[in-house]
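I opened the model to look up a few local features and kept notes as I went. The entries follow the order in which I looked.

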Amino acid sequence: MSIPLPQLPTTTASAQAPSSSEPIRVCVTGAAGQIAYSLLFMLASGQVFGPHQRLILHLLDIPAASEALHGVVMELEDCAFPLLASTVPTTSPLDAFANVDWAIMLGAMPRREGMQRKDLLRANVGIFKAQGEALDAVAKKSVRVVVVGNPANSNCLVMSHYAPSIPAQQFSALTRLDENRARSQLAIRLGVPVDRVRNVAVWGNHSNTQYPCPDHGHVLSADGSTRSPLTAAINDQAYLRGEFVQRVSLRGSAIIAARKLSSAMSAAHAVAEHVRDWQVGTRPGEWVSMAVVSDGNPYGVPKDLMFSFPVRIANGQWTIVDGLELDAYAKEKLAATTAELQEERAEAFAHIQGLADQAKEKAAAAMTGGGAAAVVSPATERSQASV
C-alpha cells in the first residue's frame with residue numbers, strides 16, 4: 001500500500017487566508033545569492049512551514065551585496081505573500097540571528113577554478129566560526145540550523161563548536177540534494193516516477209567520497225500496493241557500485257561544467273524538503289538523509305563529526321535509523337568518507353588556531369611598537385565575514 005505524504009501545503013493559494021499564528025523568524029544567509037533567489041519564494045509562500053504559519057525573514061549578506069539584497073526585498077514585497085510578516089535585511093550576523101527559530105546557512109565563499117577542497121575549507125571556517133559565535137550570542141536556544149555552504153559538513157561542525165549553548169543535535173548539513181540526485185538516477189534507470197523510489201540513503205560527507213546507498217531502498221508498484229527491493233529491480237551490481245555512485249557524487253561538478261554556475265534551483269528545493277521534513281516529520285516506515293552529529297550512532301562512526309545518515313523525524317527530533325546491514329563494500333565506503341571528514345576536522349581547527357595565533361602576534365607587535373593598532377569590533381568583523 002502506498003503511504004501518503006504528511007499533510008503539507010502545495011500551492012500559494014492554500015496560504016491566501018490570513019493567519020493569526022505568531023510569526024516564526026527564519027534567517028537565510030547569502031540571501032542575495034542564487035540559491036536564496038529560488039528558496040525565499042518557497043519559504044514565504046507557505047510551501048515549507050505550512051499554509052497558516054506566518055514568518056519574518058532575516059536576510060543576511062555581505063556589504064558588497066547590499067544593493068542586490070535590497071532588490072530581493074523589493075521582489076518579496078511585490079509578491080505580496082500573505083504569510084510574510086516582514087523582512088530584516090542586514091549585513092550584521094548579530095542582527096540576522098537575533099531571536100531566530102531557524103538559520104539556513106547558504107552563504108559561503110564559493111569554490112573558484114583551481115581551488116582545492118582544503119583551500120575552500122580554509123576560506124570558510126573562519127566565517128562559520130564567527131557566525132557560530134553570533135548565533136550563540138543572540139539566537140533562540142531552540143534554533144535549528146541547516147548548513148549548505150561548502151564544505152557543508154565541516155562548516156557545520158565548526159559552527160556547532162562555536163555555539164556551545166545550542167545543542168549539537170540542532171545543527172545539520174544538507175545531503176538531501178545528494179539523496180534527490182540518487183533517487184532521480186535510479187528512477188530514470190527503472191523508467192518510473194521518482195516518488196516511487198524510496199529509502200535511498202546517503203552516508204558520510206557531501207563530497208565525492210559520499211556513499212549513495214540503494215541497498216535498503218525499494219520501488220513501489222504503479223498502484224503502490226507492493227514494494228520491490230531496489231537492488232533486485234535494477235539487477236546490475238556493476239552499475240550500482242560504479243556509474244551510479246560516480247554520477248551522483250560528481251553531479252555538482254557536471255552541473256557547473258554545463259551551466260558555468262553551481263546548482264541553485266535543485267539545491268533550494270532540497271533545502272526546502274530538508275527543513276519541511278525536520279518540521280513536520282518523515283512518512284511512516286521511511287527515512288531521509290541528513291548530516292547530523294555522529295555521537296552515539298549505531299554504525300561505529302567516530303564521534304564529533306557531522307556525518308550523513310538515514311534518519312527518521314518525529315516531533316521535530318531526528319533519530320538515526322538503526323539495524324541496517326552494511327556489507328564489506330559499504331563499510332569500505334563509510335571508512336573512506338569518515339577518514340576525509342576527520343582530515344577536514346583537523347585541518348579546520350588547526351587553521352582556526354593559526355588565525356588566532358596570527359592575531360595575537362599582530363596585537364603584540366602593535367603594543368611593543370607603540371603604534372595604534374586598528375580596532376575592529378566583533379560585530380563589524382562578523383559582518384565582513386558573513387558569506
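How many bridges join strand 13 to strand 14? I counted four bridges between strand 13 and strand 14 (residues 317-320), and the two run antiparallel. I took helices (H or I, at least four residues) and strands (E, at least two) as DSSP runs, numbered from the N terminus. I called two strands paired if DSSP finds at least two bridges between them.

Ground rules. This is a predicted model, in which local features need pLDDT of at least 70 and side-chain atom pairs count only at pLDDT 80 or more, while totals for chains, interfaces and linings use all residues. Residues are numbered from 1 along each chain as its sequence is written, and side-chain values use heavy atoms, with hydrogens and water left out.

Entry: strands 12 to 14. I looked up the bridge partner of arginine 312 and found threonine 319 in strand 14. The hairpin of strand 13 and strand 14 has two residues between the strands, and asparagine 315 takes a positive phi near 55° there. Strand 13 also pairs with strand 12 (residues 288-293), in the antiparallel sense, over six bridges. In that pairing I found valine 293 opposite methionine 306 of strand 13. Is strand 13 mostly covered or mostly open? Strand 13 (residues 306-314) is mostly covered, with seven of its nine residues buried. Buried means under 20% relative accessible area, exposed over 50%, and partly exposed in between (1.4 Å probe, protein chains only).

Entry: whole chain. I noted 13 helices and 14 strands in the protein chain. Of its 387 residues, 50% are buried. The accessible surface comes to about 17,200 Å², and carbon and sulfur atoms hold 54% of that; the areas come from the Shrake-Rupley method with a 1.4 Å probe, and for residues only the protein chains shown count as cover. Among the contacts with a separation of 6 or more, 75% link residues 24 or more positions apart. Contact means heavy atoms within 4.5 Å.

Entry: the sheet 7-10-11. I traced an open sheet of three strands in the order 7-10-11, with antiparallel pairing. Strand 7 (197-198) and strand 11 (227-229) stand at the edges with a single partner strand each, so one side of each has no neighbour in the sheet. Strand 7 pairs with strand 10 (residues 218-220) over two bridges. Arginine 198 stands opposite histidine 218 of strand 10.

I then stopped at valine 219, also in strand 10. Valine 219 has a relative accessible area of 8% and is therefore buried. Which residues does valine 219 touch, not counting those up to four places away in sequence? I listed Leu190, Val192, Arg196, Thr226, Arg227, Ser228, Leu230 and Ala233. Arginine 196 is 23 residues from valine 219 along the chain, yet their C-alpha atoms are separated by 5.3 Å.

Entry: helix 6 on helix 11. I read an angle of about 110° between helix 6 (residues 176-190) and helix 11 (residues 265-280), with the axes 8 Å apart. That makes the two helices roughly perpendicular, a term for angles of 65 to 115 degrees, against under 35 for roughly parallel, over 145 for roughly antiparallel and oblique for the rest. Axes are lines fitted to C-alpha atoms, for helices over the stretch in contact, and angles run from 0 to 180 degrees between N-to-C directions. From helix 6, Arg176, Leu177 and Asn180 meet residues of helix 11 including Ser266, His269, Glu273 and Asp277.

Entry: helix 1. I found these residues buried in helix 1 (residues 34-44): Ile35, Ala36, Leu39, Leu40, Met42, Leu43 and Ala44. Their packing partners include strand 1 (24-29), strand 3 (84-90) and helix 11. Glycine 46 follows helix 1, and its phi is positive, near 95°.

Entry: The peptide bond from asparagine 150 to proline 151 is cis, with omega near -5°. Proline 151 lies in the loop between strand 5 (144-147) and helix 5 (152-161).

I also checked two asparagines with positive phi. Asparagine 199, in the loop between strand 7 and strand 8 (201-203), has phi near 60°. Is asparagine 199 buried or exposed? Asparagine 199 counts as buried, at 7% relative accessibility. Asparagine 235 has a positive phi of about 55° and sits in the loop between helix 7 (230-234) and helix 8 (237-241). Asparagine 235 is exposed, with a relative accessible area of 66%.
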